[in-house]
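Here is a short note for a colleague who is opening this model for the first time. Please read the points alongside the sequence and the 3D view.

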Amino acid sequence: MSIPRRDDDSHKGENGKVGVIAGSARYTGAPALCGQAAMRAGADLVRILTSEKTRDVVAGFSKDLIVGGYGGDFLTAESLSEAEDLAGWSDVVVAGPGLAEPDYETLSQIVDGTRCVLDADAIHETVLESDLSDAVITPHRGEAERLGDLESFASRTGAVVLAKGPTDRIVSPEGQVSEVERGHPTMTVGGTGDVLTGAVGGLLAQGMEREAAADAGARAVGVAGELAADRYGCGALASDILERIPDGLESLDHSAS
């Protein structure tokens, strides 16, 4: 599997711009993990939109992230203009990690027909009624069960589904199903799902097709989890995993050559 490569004469922004709508007054780590993972997957720029009350906390995780805020503790209808501005700037929108209690109608308006990755709190029945024909959905086991039969869901909505678990399953709207068996039990640690979602968003922003980005993201993060476990055992953290995403991607490139 070939991973995206940069042209020698490319300039800032040409290799992917990811907009992350994530975090809230309740969760501050999720948007940072997600955004950093997108950059470790190769995206040039990441902008995060989160609660104004926690904006400085999120920005403090990494000087590489561009962080903006909306008023209040959670995403509301009053945040629509900021979210629309972010979506208009982005090649891909990643939404959901740590949003907690967003206004789902507002979130639905943002992701409707947008090239996006939906995770966690964005996997909600109101949001899933949007046009998902350019979306990747990344549910964990419980969320996947709520979606029902994944092949039927993908066919009906046009979404690509990356169902996370000990064996990740990728389901296309055309009914193709592939499985990824990489990773380590330490990847049950909190934040790993945010890392995977960000990595998929970063690969999509660089022009990969949805199924390929989901597959490459799952494999690369799985390898990164194995490498982190080699170093830290079951004490590996999500932040340890995201730092090893480039190694995971390189392993995919070498296996394809």
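**Notes on the predicted chain**

1. Charge comes first. The chain carries 21 positive and 43 negative side chains. The centres of the two sets are 5 Å apart. Lys and Arg count as positive, Asp and Glu as negative; His and the chain ends are not counted. Each charge is placed at NZ of Lys, CZ of Arg, CG of Asp or CD of Glu.

2. A word on the source. This is a predicted model, where local features need pLDDT of at least 70 and side-chain atom pairs count only at pLDDT 80 or more, while totals for chains, interfaces and linings use all residues. Residues are numbered from 1 along each chain as its sequence is written, and side-chain values use heavy atoms, leaving out hydrogens and water.

3. Overall form. The C-alpha trace spans about 50 × 40 × 40 Å along its principal axes. The chain has 10 helices and 9 strands (DSSP runs numbered from the N terminus: helices are H or I, at least four residues; strands are E, at least two).

4. Burial. Of the 257 residues, 54% are buried (under 20% relative accessible area, 1.4 Å probe, protein chains only).

5. Contacts. Take contacts between residues at least 6 apart in sequence: 63% of them join residues at least 24 apart. Contact means heavy atoms within 4.5 Å.

6. One residue in detail. Threonine 126 sits in the loop between strand 5 (116-118) and strand 6 (135-137). Its relative accessibility is 17%, so threonine 126 counts as buried. Leaving out residues up to four places away in sequence, threonine 126 touches Tyr104, Glu105 and Ser108.

Note on methods: Buried means under 20% relative accessible area, exposed over 50%, partly exposed in between (1.4 Å probe, protein chains only).
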